[in-house]
Amino acid sequence: MSMRLFVIWLVLSALALPAIAQDGDDHDPWMPFNRAMFTFNDKLDIYVLEPVGRGWNYLMPKRVQTSLVNFFDNLHGPRVALNNLLQGKPRDSASDVGRFLVNSTVGVVGFFDPASGWGMPSHDEDFGQTLGVWGVPSGPYLVWPFLGPSNPRDSGALVVDYITSVYWLYAPYTATIPMTTVSTVNARAQALETVRQLKEASVDYYAAIRNGYLQRRRALVEDRRNFSEEQSEELYKLEDDKE
Amino acid sequence: MITAMRATRCGLNVFLIACVAWTAMAAKHVLAEEGPRDVVGKTADTVVGILADKALNADQKRGKIEDIARQYFDFTTLSRLVLARHWKELNDEQQNQFVNEFRRHLSLTYGKNVEKYDNEKAVITGDREEKDGDWTVNTKILRPSGEPFLVDYRLRKRDGRWMVIDVVIEGVSLVANFRSQFQEIVSRDGPVKLIQILRDKNDKGEPLKS
């Protein structure tokens, strides 16, 4: 089965699943597979990505790293604008278009970010979130080798994200791999401290990442920072007070 | 007619004075009681002050911040929420041990951040009362390097004082995250084993006293 067919199959099977109850226990029916992939990714990180990121951090001044973050963030501008529009947020979408135009020109093809200071902040939107807003259930937690935490809905949506980013406008198809590599290494270099701390602060690293991903993803889809009433009750009601 | 008007005016004046006095009393009452917003604001200011104090070394900073955390974080409620239904499987002494080890784990791992302070500032952006009487205070952490991020504090009143029972960073709740982490260990090996795991981890991570 080709990769694309596999992804389509996953999305379809996710659609067939009933919406998952949002309770305290993180739904993870594919845990054996996920844990194996997670371990693989962690080893890859420990032996390859983290050392490379450390080297990168040593060689590249902070300003260069920040500029690269800005540059790659700007390439996602059209995708962010489109998804805000699809999610029924025309004002945010317009701000994203303005941001993309300003940062691509005044910001020298995106290496600088004057738009944030001019009231056009960076938004985090992708097609997976749009599907979530449209009511498509995410399906179970799923860890991909190399790509990391995801779910069937968001995995399928990556195809749309790829098309709607402007990598392919800037550069030939063959440039995708070197650009993705630089973007990944640079992002890893930025997160050296955070990841180290996260590992140290967790008692079960796999569960910490899974829960963090699920909570963060839910917050992004719902575009809000507070919990629903049921989530709130599940989380903050003491056992003694429950009947 | 004039008398009537005067009487009304007089009545109005009395009413106004009563209103002002009541407002003043209410304000004084609130100040004395220290609302959830004040608790978060004061704590954030004090912590930033300690972190920025060049006269203190890392250990002194850690010690001071730990004292503040003990004062404003309700570690008992935090522990109960994190263990959820498994809390009752522990006896009183074990519950105390758990609270103690969990607090130690948090202060050891997050205490290391004192050396990483890079002029971050906390700004309160809003607050609201929750259905169950808890209070949520929204803050934004501004960093000289990089995008700001959002941190929400949930507070609950205990013995007349507002104390923090959860920290939610960019939508990720600390309570929910630890609950999920402890779930598997507790349902497989029981909560007593979890105390042991935490204790071992803490003993290994304890910074050497110089």
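Predicted model: local features only at pLDDT ≥ 70, side-chain atom pairs only at ≥ 80, totals over all residues.
Which residues form one aromatic cluster with A:F38? The answer is in the second legend below.

Figure 1. Chain A has 243 residues, of which 44% count as buried. Its secondary structure consists of 13 helices and two strands. Among the contacts in chain A with a separation of 6 or more, 69% are between residues 24 or more positions apart.

**Figure 2. An aromatic cluster in chain A.** A:F38 forms one aromatic cluster with A:Y141, A:Y205, A:Y206 and A:Y213. Over all chains, the whole structure holds 16 aromatic pairs. Two pairs are shown in the close-ups that follow.

**Figure 3. The aromatic pair A:F71 and A:F72.** The ring centres of A:F71 and A:F72 lie 5.3 Å apart. Their planes stand at 70 degrees, over the 60 degrees required, so the pair is edge-to-face. A:F71 has a relative accessibility of 12% and therefore counts as buried. A:F72 is buried as well, with a relative accessible area of 8%.

**Figure 4. The aromatic pair B:F73 and B:F75.** In chain B, the rings of B:F73 and B:F75 are stacked. The distance is 6.0 Å centre to centre, and the angle between the planes is 20 degrees. B:F75, at a relative accessible area of 12%, is buried.

**Figure 5. Packing of helix 4 against helix 5 in chain A.** Helix 4 of chain A spans residues 77-86, and helix 5 of chain A spans residues 90-105. The two helices pack at an angle of about 165 degrees, and their axes are 7 Å apart. Because angles over 145 degrees count as roughly antiparallel, helix 4 of chain A is roughly antiparallel to helix 5 of chain A. The crossing of these two helices is left-handed.

**Figure 6. Residues in the contact of helix 4 with helix 5 of chain A.** Helix 4 of chain A contributes A:G77, A:P78, A:V80, A:A81, A:N84 and A:L85. On the side of helix 5 of chain A, the residues they meet are A:P90, A:D92, A:S93, A:D96, A:V97 and A:F100. By class, the residues of this contact comprise seven nonpolar, three polar and two charged.

Technical notes:
Residues numbered from 1 in each chain as written. Chains lettered and ligands numbered in written order. Heavy atoms only, no water. Axes fitted to C-alpha atoms, helices over the stretch in contact; angles between N-to-C directions. Helix = DSSP H or I, 4+ residues; strand = E, 2+ residues; numbered from the N terminus. Parallel < 35°, antiparallel > 145°, perpendicular 65-115°, else oblique. Left-handed = near helix turned anticlockwise from the far one by under 90°. Contact = heavy atoms within 4.5 Å. Nonpolar A, V, L, I, M, F, W, Y, C, P; charged D, E, K, R; others polar. Phe/Tyr/Trp six-rings, centres within 6.5 Å; stacked < 30°, edge-to-face > 60°. Buried < 20%, exposed > 50% of the residue type's maximum accessible area, 1.4 Å probe, protein only.
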